[in-house]
Amino acid sequence: MGLTGLFLITFLIVHAGVNACIFVSEDTFNTAAHFMSHNWVLRIMEIGLFAGLLLHIIQGLLLWKQNRAARPVGYTLTDNNRNSKWYSRSMGLLGTLLLFFLVIHISKFFVSTKIALYGGGDADHNLYLEMKEEFAKWWIVVIYLCGVTSLFWHLLHGFGSAFQSLGINHKRYTPIIKTAGTVYTVIICILFALMPLAFFLNWID
Amino acid sequence: MEHYKMNLTLKVWRQKNSKTEGSFDNYSVKDISSEMSFLEMFDVLNEQLITEGKDPIAFDHDCREGICGACSMHINGEAHGPWSNNTTCQLHMRAFKDGDTIVVEPWRSTAFPVLKDLIVDRSAFDRIIQAGGYISVNTGNAVDANAIPIEKKKADDAFAAAACIGCGACVATCVNGSAMLFVSAKVSQLALLPQGDPERKTRVMNMVAQMDKEGFGNCTNTYACEAECPKGISVANIARLNREFLSASLTSEE
């Protein structure tokens, strides 16, 4: 779980980086998007990404199943907020929300890129323009902001938790990892949230 | 602190045995002293039940001074009740006010089946310890206690891990019913010391295998166990367990 999580965390940096190109210019973004979908190294890594995501989901489902079986009769009264953070206990729920979001997200942009690539003999595909049209709809923007919110809480716990699972807990480094996790989560989520907002509110041309 | 008396309503889990289903019963206790311990309050209630010709409530207790790990009540939604770094027997009635309703449940875990009322079977912990919580020593004369030099920090960490009394509050509290804090304390106290080195790899592998066999859940690092542990066992031990397990699995030839 920790390993696949860190792998996906690394991917998000690349994803957010490419996204941020919209703030430079339409051409920069389209060039970056074209590179991401055409470079053969990246296309092989893309398979790895889906495998990693799938593994993360399978691991999550196994954990959920085993953990449910570990307590068939629950407590009548629990005061969990006194001993732990709600989002650390809700990773499965947040992950499921993220998965729903990903289905919508992939069917919107990933599939259209692939259709342009394989369907029309590597047809020209202006992803920037496509996003501009999609993010003009308020409900799409709302779905995206909900997705980013789930991602925020999921990462806030997941980042530090991954290190603990891999056996890294150190008096000096753990506080650094915790801070790095918070900074990472905030930056990544702001970048992701800015994209639909910038198009919707016409902050960029 | 001022002494006061209180009347309380108790909502206590009653269950005949592990095969029957249980339910809550309500009881009233009067004139409970704020200086009483929680278990003494239960003694008062049980005396009352015996006088009335009813079945007293079964609960685990032994030393009543916070060191044996026998007491195991889930009080008002928290293992060992509202005080931190504290066992049920050391919880005192000044934690409550006159007129309070207190909900008392047993530990709830597949690996800890309820035997009767508030008593659960924690022999799963014994079997985990049997699987690897030992060291090999030569027989004969006792070796000088200070024959092997041990770094102060390691001795302190091992001692802190050895403070675990095996009460099961970590399992009871964990949203996943995981026993990782307990197992990590038992692995750590030996892995940190040179005496524990000969069985270092087999110990962690066997104890983790036994833990999985008993039906405990998996750790998702919520750290609720550390917050509720009466002995304040640190989750740094869980990272050490993960480390020991990872390194043993990767290098073991078995």
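Author: Arg14(B), Asp55(B), Lys116(B) and Asp117(B) are joined in a network of salt bridges. The model is predicted: local features need pLDDT of at least 70 and side-chain atom pairs pLDDT 80 or more, while totals for chains, interfaces and linings use all residues. Residues are numbered from 1 along each chain as its sequence is written, chains are lettered from A and ligands numbered from 1 in the order in which they are written, and side-chain values use heavy atoms, without hydrogens and water.

Reader: Why is the pair Asp55(B) and Lys116(B) called a salt bridge?

Author: The term requires a side-chain nitrogen of Lys or Arg within 4 Å of a carboxyl oxygen of Asp or Glu. The closest N and O atoms of Asp55(B) and Lys116(B) are 2.9 Å apart, so the pair qualifies. Asp55(B) lies in the loop between α1 (38-51) and β3 (74-75) of chain B and Lys116(B) in strand β6 (residues 114-116), so the pair ties together parts 61 residues apart in sequence. Helices (H or I, at least four residues) and strands (E, at least two) are DSSP runs, numbered from the N terminus.

Reader: What makes Arg122(B) buried, and is Asp60(B) buried or partly exposed?

Author: Buried means under 20% relative accessible area, exposed over 50%, and partly exposed in between (1.4 Å probe, protein chains only). Arg122(B) has 12%, so Arg122(B) is buried; Asp60(B) has 22%, so Asp60(B) is partly exposed. Arg122(B) and Asp60(B) form a salt bridge, with the closest N and O atoms 3.1 Å apart.

Reader: Why is Thr173(B) called buried?

Author: The relative accessible area of Thr173(B) is 7%, so the label is buried. Thr173(B) is found in helix α4 (residues 169-173) of chain B. Leaving out residues up to four places away in sequence, Thr173(B) touches residues including Arg71(A), Asn80(A) and Glu228(B), where contact means heavy atoms within 4.5 Å.
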